[in-house]
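Reader: I am new to this structure. Please walk me through how to read it.

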Amino acid sequence: MIFLGEIVSRLKFSLEDCFKALFYLKAEMRQFEGMDVRIGVGVGQVDFIDKDIKKSTGEAFILSGESLDSLTKESLEFRSQWKELDESINLILTLSTRLTDQWTANMAETVQAAMDNPKANQTEIDKNYG
């Protein structure tokens, strides 16, 4: 199970869907002046899920909490039991967030529209959302 910070719970994602969700949330938040999101992703086993997320237990919750707590300059961090994988993914996330941090509200809206309509071309997105 992949657990995103302390907001999203009871969700299982493939890694592809996880990264889509990360950047969708970034696009949503960047549409508002001065807003952003910090996300710690933990990959691991879940032992128990409670309605009160603070009572949920397992490796995924621990790793996501640790990654969220350790965020300083970066806004996204990935943690798993595989340190080499973590290093590779976190390098990609760092480079990606360098781009997302430069998004204007209009750019973030366009990215979100493209994610909502993956088969639409640039002209169609501009026509419907621009």
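Reader: What should I know before I start?

Author: This is a predicted model: local features need pLDDT of at least 70, side-chain atom pairs count only at pLDDT 80 or more, and totals for chains, interfaces and linings use all residues. Residues are numbered from 1 along each chain as its sequence is written, and side-chain values use heavy atoms, with hydrogens and water left out.

Reader: What is the mean pLDDT of the protein?

Author: First the term: pLDDT is the predictor's confidence in each residue, from 0 to 100. Here the mean is 85. A value of 70 or more is reached by 90% of the residues.

Reader: What share of the residues is buried?

Author: Buried means under 20% relative accessible area, exposed over 50%, and partly exposed in between (1.4 Å probe, protein chains only). Of the 130 residues in the protein, 35% are buried.

Reader: Is strand 2 enclosed or open?

Author: Start with the general idea. In a regular strand the side chains alternate between the two faces of the sheet. Now the case. Strand 2 covers residues 39-43, and five of the five are buried, so the strand is largely enclosed by the rest of the structure. Ile 39, Val 41 and Val 43 are on one side. Gly 40 and Gly 42 are on the other. Both faces are covered.

Reader: Which strand is joined to strand 2 by four bridges?

Author: Strands pair if DSSP finds at least two bridges between them. Strand 2 is joined by four to strand 5 (residues 76-79), and the two run parallel. Ile 39 stands opposite Leu 76 in strand 5. Look also at Val 41 in strand 2. Its relative accessibility is 1%. The C-alpha atoms of Val 41 and Ser 80 are 8.4 Å apart, though 39 residues separate them along the chain.

Reader: Which residues form the largest nonpolar core?

Author: In soluble globular proteins, nonpolar side chains tend to be buried together. A nonpolar core is a set of buried Ala, Val, Leu, Ile, Met, Phe, Trp, Tyr and Cys residues joined through side-chain atoms within 4.5 Å. The largest one here has 11 residues: Cys 18, Leu 22, Phe 23, Val 37, Ile 39, Val 41, Val 43, Leu 76, Phe 78, Ile 89 and Leu 93. Helix 1, strand 2, strand 5 and helix 3 each give two or more residues to this core. Take Val 37: not counting residues up to four places away in sequence, Val 37 touches Leu 25, Lys 26, Met 29 and Ser 75.

Reader: How many salt bridges does the count give?

Author: A salt bridge is a side-chain nitrogen of Lys or Arg within 4 Å of a carboxyl oxygen of Asp or Glu. The count is eight. One of them links Lys 20 and Glu 16, with the closest N and O atoms 3.2 Å apart. Both lie in helix 1 (residues 15-29), four residues apart, about one turn of the helix. Lys 20 is partly exposed at 43%, and Glu 16 is exposed at 51%.

Reader: What does the pair of Asp 36 and Lys 26 tie together?

Author: Their side chains meet at 2.8 Å, N to O. Asp 36 lies in the loop between helix 1 and strand 2, and Lys 26 in helix 1, so the pair ties together parts 10 residues apart in sequence. Asp 36 is partly exposed at 30%, whereas Lys 26 is buried at 0%.

Reader: Is Asp 86 buried or exposed?

Author: Asp 86 is buried, with a relative accessible area of 5%. Its place is in helix 3. Asp 86 forms a salt bridge with Lys 83, the closest N and O atoms being 3.9 Å apart. Asp 86 also touches Phe 78, Arg 79 and Ser 80, not counting residues up to four places away in sequence.

Methods:
Contact means heavy atoms within 4.5 Å.
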